[in-house]
Amino acid sequence: MRLSAIIGALAAATCFTAAAVATPVGVPTADTLVPTNSVTPVMDQIVGFNNMLLWIVGAICVFVLALLVWVMLRFRAKANPEPSKTSHNTMLEVIWTGIPILILVFIAVPSFRILYFQDVIPEADFTIKTTGYQWNWSYEYPDHGGFTFFANMVEDADLAAHPYSAERNLTTDLPMVVPAGATVRMEVTAADVIHNWAMPAFGIKMDAIPGRLNETWFQTDVEGIYYGQCSELCGVRHAFMPIEVHVVPQDVFDAWIAAANDDVYAAQDILVAHYDSVRALRVASAQ
Ligand SMILES: [Cu+2]
């Protein structure tokens, strides 16, 4: 089996079990070749592109190393007491200019394809608008009653008491919630300085700029809790304005929306109940 296939299978297996128990799947992990678990078509393409580049870069490194070794042995002073006076070889120069150009064109084609795939928003089911502040994110649901709330990082002292998530410097008091399967259009902006709404598992890293409305999109079928961070140096608490997104079943999302329109803090109970039931299911299936 090819290495990338093994890595892909491992990643898929991790994704599946993680989603099945509704534990975080979007947490950075150590010792992997791929950047993160991928759960959207965009990130799938980015990971595939990354893997393809690894093979190309690897082949170039091996080729250059082999050339160096060959030159060191073939043209060493001991074997060549009379140095060659050779200079310029038109064919060779055309080749070592032409082949790198062809390699770059070969890389550029899928690269631009991914850029446009990210850039062109497909028919979206609904829109969420996020605004970056020093130092938290606000989320607005204009297609679901227009309620808005702020997501603040949960401090270390309060982590243990948080009902479903305890990822240091990543857990927020209120999460952004979306239903599995929906195509979501994200509007991204900022109110004070430049921030960046980054969600690695979704393949999103979008600048949040005051006075400008950027947009991006994602679509995922994999339920779970995903984490990201502000990725633009925005001030002293830049590292402490994380992003937490919950992908839940449609009925849980509908219940959360109904509750959040009244009181977004009370809507947390919907999520807690959902994760309790998932945990109970897991325990029952383990017995
Ligand atoms: Cu920021």
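**Entry 1: the loop between α2 and α3**

I began with H88, which lies in the loop between α2 and α3. This is a predicted model, and I read every value below as a property of that prediction. I looked up the backbone of H88 and found a positive phi of about 65°, although the residue is not a glycine. Is H88 buried or exposed? I counted 6 other C-beta atoms within 10 Å of H88, and a residue is exposed at 12 or fewer, so H88 is exposed.

**Entry 2: the helices on either side of that loop**

Helix α2 covers residues 41-74 and helix α3 covers residues 90-119. I noted an angle of about 170° between them, with the axes 10 Å apart. Angles over 145 degrees count as roughly antiparallel, and α2 and α3 are therefore roughly antiparallel to each other.

Which residues of α2 meet α3? I listed V42, Q45, I46, F49, L53 and I56 on the α2 side. On the α3 side I listed I103, I107, P110, S111, I114, F117 and Q118. I sorted the residues of this contact into 10 nonpolar, 3 polar and no charged.

**Entry 3: confidence and overall counts**

Before going on I checked how far the model can be read. The mean pLDDT of the chain is 89, and 90% of its residues reach 70 or more. I marked residues 3-22, where the pLDDT is below 50; this stretch has 24 contacts in the model beyond near neighbours in sequence.

I also wrote down the totals. The chain has 6 helices and 10 strands. Of its 287 residues, 29% count as buried. Among contacts between residues at least 6 apart in sequence, 65% join residues at least 24 apart.

**Entry 4: the sheet that holds β1**

I traced an open sheet of 5 strands in the order β3-β2-β1-β5-β8, with mixed pairing. Which strands stand at its edges? I found β3 (148-151) and β8 (214-219) there, each with a single partner strand, so one side of each is left without a neighbour in the sheet. Neighbouring strands of this sheet are turned by 25° against each other on average, direction ignored.

- β2 (residues 136-140) pairs with β3 in the antiparallel sense over 4 bridges. In this pair I found Y139 opposite F149 in β3.
- β1 (residues 126-133) pairs with β5 (residues 183-190) in the parallel sense over 7 bridges. For T130 I found V188 in β5 as the bridge partner.
- β5 pairs with β8 in the antiparallel sense over 6 bridges. Here V184 stands opposite F218 in β8.

Where does W135 lie? I placed W135 in the loop between β1 and β2. The peptide bond joining Q134 and W135 is cis, with omega about 0°.

**Entry 5: the sheet that holds β4**

I traced another open sheet, with 5 strands in the order β4-β10-β9-β6-β7 and mixed pairing. Here β4 and β7 (204-208) stand at the edges; each has a single partner strand, so one side of each is left without a neighbour in the sheet. The twist averages 25° from one strand to the next.

How many bridges join β6 and β9? I counted 2 between β6 (residues 195-199) and β9 (residues 224-230), which pair in the antiparallel sense. In this pair A198 stands opposite Q229 in β9.

I looked for a helix against this sheet. Helix α5 (residues 250-262) lies across β4 and β10 (243-248), and I noted that α5 runs at about 135° to β4.

Last I looked up N169, whose place is in the loop between α4 (156-159) and β4 (176-179). N169 has a positive phi of about 65° and is not a glycine. Is N169 buried or partly exposed? I counted 15 other C-beta atoms within 10 Å; burial needs 20 or more and exposure 12 or fewer, so N169 is partly exposed.

Definitions and conventions
Residues are numbered from 1 along each chain as its sequence is written. This is a predicted model: local features need pLDDT of at least 70, side-chain atom pairs count only at pLDDT 80 or more; totals for chains, interfaces and linings use all residues. Two strands pair if DSSP finds at least two bridges between them. Axes are lines fitted to C-alpha atoms, for helices over the stretch in contact, and angles run from 0 to 180 degrees between N-to-C directions. Angles under 35 degrees count as roughly parallel, over 145 as roughly antiparallel, 65 to 115 as roughly perpendicular and the rest as oblique. Two residues are in contact if their C-beta atoms, placed from the backbone, lie within 7 Å. Ala, Val, Leu, Ile, Met, Phe, Trp, Tyr, Cys and Pro count as nonpolar, Asp, Glu, Lys and Arg as charged, and the others, Gly among them, as polar. pLDDT is the predictor's confidence in each residue, from 0 to 100.
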